[in-house]
Amino acid sequence: MQKVFNFLKYGNKVIIVSFCMILSGFIYTFMYHGGYNWGIDFSSGVNINFVIDKSGIKDYDIQRILSSVYKTFDVNKIISSDESKSQFSIIVKSDITDYALKKEIHSTLIDKLNTEFGANVEILDSYFIDSNFSSILRTKSMLLVCLTFTLILFYVALRFRLSYAVASIFATIHDILFVVAFLGIFRIEINSSIIVSILTIIGYSLNDTIIIFDRIRENSRNMTDTLFLNILNVSIKQTLSRTILTSMTTFVAVLSIYVFTEGAIKDFSLIFMVGVVVGTYSSIFIASPILLSCYKKIK
């Protein structure tokens with residue numbers, strides 16, 4: 001048989017390095033940032049869209065004015081067709097439990113901005129999420145991710161065998177932990193769109209892994225006299241160009257979304273790009289070594 005590059009030569013070391021990087025990310029997040037940057041979907045608060053009858057106002061002007069009132073808030077300027085006005089979206093993170101507190105935030109916002117700019121401030125729309133609902137939403141999001149992993153385990157076990165399922169789950173968990181560490185390090189707000197992005201990454205990473213595993217299964221039937229290690233290396237080599245080209249195409253497509261959009265979709269695309277890179281890497285250097293270790297032990 002033709003000599004093939006040994007992709008799994010440093011498999012165990014690669015796994016250890018990967019999880020050390022992830023652990024370092026978690027340590028950095030909690031030591032230097034004090035935890036994750038939860039959006040109002042998961043931490044409660046108010047999202048207000050408003051317009052000021054005055055042009056030329058910047059988002060940092062709003063931040064300066066409101067910093068004395070609110071401890072945690074984000075301001076985003078919205079591009080408006082009416083250049084004589086300035087439109088903004090503000091998210092105030094607060095432990096809101098009733099509608100009265102929402103009205104209080106509205107009145108405080110209007111009073112402060114009216115006093116500063118001497119112009120009319122109009123609330124276009126707003127919504128609030130109370131602390132009880134955000135707690136339920138966070139719990140359900142975690143359950144959704146766990147359910148996804150369970151379904152993946154059953155699917156791969158039925159289509160292949162249990163050892164393949166264990167390896168694919170391990171690789172997918174690695175990808176999600178890497179993404180979660182990335183979110184913490186760069187203080188990216190975790191909201192519903194980020195959860196959607198994580199679920200998308202799970203599907204994408206699993207698809208990459210399944211492509212390689214399918215080739216491994218096929219080669220196992222045809223190369224009965226070959227060591228399983230060699231079968232893995234041959235299978236990875238045969239699918240490598242497809243894996244890289246698909247990942248590059250996906251990455252470029254998502255990169256264009258990241259460059260030309262703003263807001264939640266921009267965060268979604270950023271996290272998905274990270275997931276594409278990590279998912280491609282884990283399909284080769286995480287899932288395959290785990291499969292090699294589990295193949296003889298788990299049927």
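Trainee: Which helices and strands each supply at least two residues of the lining of the largest pocket, and which one gives the largest share?

Mentor: In this predicted model, strand S1 (45-52), strand S2 (73-78) and strand S3 (86-93) each supply at least two residues of that lining, as do helix H2 (40-43) and helix H9 (264-285). The largest share amounts to four residues, and the element that provides these is H9.

Trainee: From which domains does the lining of the largest pocket draw at least three residues each?

Mentor: The assignment divides the protein chain into 7-38 + 133-297 on one side and 45-129 on the other, and the C-alpha centres of these two parts lie 39 Å apart. The lining of the largest pocket, whose volume is about 590 Å³, draws at least three residues from each of domain 1 and domain 2.

Trainee: How many residues of the lining of the second largest pocket are nonpolar?

Mentor: This pocket, of about 420 Å³, is lined by 16 residues, with Met142, Val145, Ile176, Val180 and Ile198 nearest its centre. One lining residue is polar and one is charged, and the nonpolar residues number 14.

Trainee: At what angle do helix H1 and helix H6 pack?

Mentor: H1 passes H6 in a left-handed crossing, and the contact is made by residues including Phe19 and Phe26 of H1 and Phe170 and Val180 of H6. The contact residues divide into twelve nonpolar, five polar and no charged. With the axes 8 Å apart, the packing angle is about 35 degrees.

Methods
Residues numbered from 1 in each chain as written. Predicted model: local features only at pLDDT ≥ 70, side-chain atom pairs only at ≥ 80, totals over all residues. Heavy atoms only, no water. Axes fitted to C-alpha atoms, helices over the stretch in contact; angles between N-to-C directions. Left-handed = near helix turned anticlockwise from the far one by under 90°. Contact = heavy atoms within 4.5 Å. Nonpolar A, V, L, I, M, F, W, Y, C, P; charged D, E, K, R; others polar. Domains from an automatic or database assignment. 1 Å grid on protein atoms, 1.4 Å probe; cavity = no way out; pocket = protein on both sides within 12 Å on 5 of 7 lines; lining within 4 Å. Points joined across faces, edges and corners; volume = space filled by probe spheres on them.
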